[in-house]
Amino acid sequence: MTAVGGSGARDESSLAGGRAPLQLLVGGASREELHARLAELGIQLNDGARTLLEDSCFDTRAPERLEVVQRSLQQLGLPSGGTLPQITAAAREQGLAPLPPDTGPYLRLAITDQEQAPDSILSAGRAPTGAVHVLTAPLSADHDYPKGFYLRVVDGVTWLRGFRCDDEYVWPADAVLALRAPDA
């Protein structure tokens, strides 16, 4: 199934670990169009997401079709969890790669039926439960600048949130990441 950023069309199994990848069109929308589409669907943003959306990577670019898969750290071969560098290396060993930095909003727009998070904690200094983190190359080496986006539904509210961490933070084995599948 193809989910063009914002179409809302998707197959629930398309992001489940080990199943068919989600076809996603990333790019082509201006920053203002992305903000409007997110607001239209009632998607909430935290300050980290707002900061990321102001980055120059969100200047309008030609659309690119990607295959996106979802994997837990355990599925990536990290049963005790891992740091971002370890996660990236483990993903590459499986032929997976980070997504372009502007993927988060397009993925959030495409996934309209994400399951409710098992808790309501929005910020606790750890990877949130029920989240799908979009693995991308960091836009800044500054640890105070958000590293990327994550998708989460809390108390019926759909979120696109930015997260921060350094390269020393150990993610739990059950943390779930969206990754780029090899081009077909």
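Q: How many helices and how many strands are there in the chain of this predicted model?
A: From the N terminus on, the elements run β-β-α-β-α-β-α-α-β-β-β-β. Counting by type, the chain of this predicted model has four helices and eight strands.

Q: What share of the residues of the chain counts as buried?
A: A residue is buried when its relative accessible area is under 20%. The accessible surface of the chain comes to about 8,400 Å², and carbon and sulfur atoms hold 49% of that surface. Of the 184 residues, the share that counts as buried is 50%.

Q: Which strands pair with E4 over five bridges in the antiparallel sense?
A: Strand E4 (residues 64-72) is mostly covered, with seven of its nine residues buried. Leu22 stands opposite Val68 in E4, and five antiparallel bridges join E4 to strand E2 (residues 22-26). Ser72 has Val176 in E8 as its bridge partner. E4 also pairs over five antiparallel bridges with E8, and the strands asked for are therefore E2 and E8.

Q: Why do the buried residues of helix H3 lie on the same side of H3?
A: The buried residues of H3 (residues 84-93) are Leu84, Ile87, Ala90 and Ala91. They lie on the same side of H3 because they cover an arc around the axis of only 125 degrees.

Q: Which exposed residues does the face of H3 turned away from its buried side carry?
A: The buried residues of H3 are Leu84, Ile87, Ala90 and Ala91, and their cover includes strand E8 (176-180). On the face turned away from this buried side, the exposed residues are Arg92 and Glu93.

Q: Which residue just after H3 takes a positive phi?
A: Helix H3 spans residues 84-93. Just after H3, a positive phi of about 80 degrees is taken by Gly95.

Q: What percentage of the contacts with a separation of 6 or more comes from residues 24 or more positions apart?
A: A contact here means heavy atoms within 4.5 Å. Among the contacts in the chain with a separation of 6 or more, residues 24 or more positions apart account for 72%.

Notes. Residues numbered from 1 in each chain as written. Predicted model: local features only at pLDDT ≥ 70, side-chain atom pairs only at ≥ 80, totals over all residues. Heavy atoms only, no water. Buried < 20%, exposed > 50% of the residue type's maximum accessible area, 1.4 Å probe, protein only. Helix = DSSP H or I, 4+ residues; strand = E, 2+ residues; numbered from the N terminus. Arc of directions from axis to C-beta. Pairing = 2+ DSSP bridges. Areas by Shrake-Rupley, 256 points an atom, 1.4 Å probe, with all protein chains shown as cover.
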